[in-house]
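Subject: Structure handover and findings

Hello,

Here is the structure for you to look at. My notes follow below it.

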Amino acid sequence: MKFEFLSILALGTVAMVSCTDDSDYNNVNTAPGVTVEMKEASIRLAEDQASSSAYSYIDVVVNGETNGPVKVSIDLSPVGTDGAVADVNYIMTSTSIIIPAGETVGRFQYYPKGDNEINEDRTFEAKISKVEGASVGAHATTEVTLVDNERLIPVYYPGIQGVWNLSVNGEPGSCTVVGAEEGEDGYGKELVLVDFPEAGLVTPATFSVDAVNQTISLSVSSGETVGKMTHPSYGAGVFLTYFLDDGYLVDGEVEFQFTFDLNSGKMIPSSAGTFAVLFSCSAGYLLYGEYSTILFSR
């Protein structure tokens, strides 16, 4: 395959920070008729769906116009004989929030703590226990069910392995998905895509199954080594996975997902940027391949 260009790239990130004077929250809303309530009566979340860097949320809705902040606290409790326990099965970052004046939604953030065991789904209840600057509306509780994914692994982890037809930028090809045997390290989590995104490259991927949304995902991380070669002009180097957004490399820890519907077995096309492979050598980076459309089929 023809190399397209040579460049040395440096990327930076800019963080936007918003500051609020703590004195803004010293007083609470005094406008009459304001209530707060849970937005949803129930939530179902795959236990491995989120992490400490990718939160999920329980939303609280403010009804009525406010002239000051509203403070809301919740109590957490397991539901059922084997319910979800705070700090064991999930992490709630705070049980109290302040909703500024004029805002209509507040959010409690949490993430489940996934495990590698097959178990029943676990549920916990979040109940509004204290409100300052409003009264509690009709819906004071939300039940959150953490759906176990491990029960699906013995079916879908072996099932996704084997030969797949590929369409890469409209060109036909194939790759082979290889995984670990049960009992080996990486079983149910790690896979290797042989001849992906094209012949001669071997791409590591992570496997996950979402029982809530009924999908399987193969995730490829930025910066993975997928091959080696010696370039006739630039010497020895390695092929690395990267992702492009409007022609620019996306820096940092990024994952590109290939998602499959469990019911149909078909791939759900991704619109999350462009998959790319770079050749890294002492001279810098060469863009080896840019893959705007990759489709798996059987």
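A salt bridge here is a side-chain nitrogen of Lys or Arg within 4 Å of a carboxyl oxygen of Asp or Glu. By that rule the structure holds five salt bridges.

First, the ground rules. This is a predicted model: local features need pLDDT of at least 70, side-chain atom pairs count only at pLDDT 80 or more, and totals for chains, interfaces and linings use all residues. Residues are numbered from 1 along each chain as its sequence is written, and side-chain values use heavy atoms, with hydrogens and water left out.

Two more terms are needed throughout. Helices (H or I, at least four residues) and strands (E, at least two) are DSSP runs, numbered from the N terminus. Buried means under 20% relative accessible area, exposed means over 50%, and partly exposed is in between (1.4 Å probe, protein chains only).

**Salt bridges**

Asp 82 and Arg 122 meet through their side chains at 3.7 Å, N to O. Asp 82 is in the loop between β5 and β6, and Arg 122 is in strand β9 (residues 122–132). The pair is 40 residues apart and links distant parts of the chain. Asp 82 is partly exposed at 43%. Arg 122 counts as buried at 14%.

Arg 151 and Asp 121 form another salt bridge, at 3.1 Å, N to O. Arg 151 lies in the loop between β11 (141–147) and α1 (153–159), and Asp 121 in the loop between β8 and β9, so the pair ties together parts that are 30 residues apart in sequence. Arg 151 is partly exposed at 36%. Asp 121 is partly exposed too, at 28%.

Glu 132 is partly exposed at 32%, and Lys 130 is partly exposed at 49%.

**Sheets**

Two strands pair if DSSP finds at least two bridges between them. An open sheet of eight strands runs in the order β21-β20-β16-β15-β14-β13-β12-β24, with antiparallel pairing. β21 (267–268) and β24 (294–297) stand at the edges with a single partner strand each, so one side of each has no neighbour in the sheet. Four bridges join β24 to β12 (residues 162–168). Ser 167 has Leu 295 of β24 as its bridge partner.

Phe 258 lies in β20 (residues 255–261). Phe 258 is buried, at 2%.

Now look at β4 (residues 56–63). Six of its eight residues are buried. β4 runs antiparallel to β2 (residues 35–38), with four bridges between them. Val 36 has Val 62 of β4 as its bridge partner. β4 also pairs with β8 (residues 105–112), antiparallel, over six bridges. Tyr 57 stands opposite Gln 109 in β8.

Most residues other than glycine have a negative phi, and most peptide bonds are trans. The bond from Phe 196 to Pro 197 is cis, with omega near 0°. Pro 197 sits in the loop between β14 (190–194) and β15 (202–210). Asp 195 is in the loop between β14 and β15, and has a positive phi, near 65°. Asp 195 is partly exposed at 30%.

Asp 87 also has a positive phi, near 70°. The loop between β5 (70–79) and β6 (90–92) holds Asp 87. At 52%, Asp 87 is exposed.

**Cysteines and a histidine**

How many disulfides does a search of the whole structure find? Zero, with a disulfide taken as a pair of cysteine sulfur atoms within 2.5 Å. Cys 175 is buried at 1%, and Cys 281 is buried at 12%.

His 231 is in strand β17 (residues 225–231). At 11% relative accessibility, His 231 is buried. The His 231 side chain reaches the backbone nitrogen of Tyr 234 at 3.2 Å.

Best wishes

Key: Polar contact = N/O pair within 3.5 Å; in protein donor to acceptor, adjacent residues only side chain to side chain.
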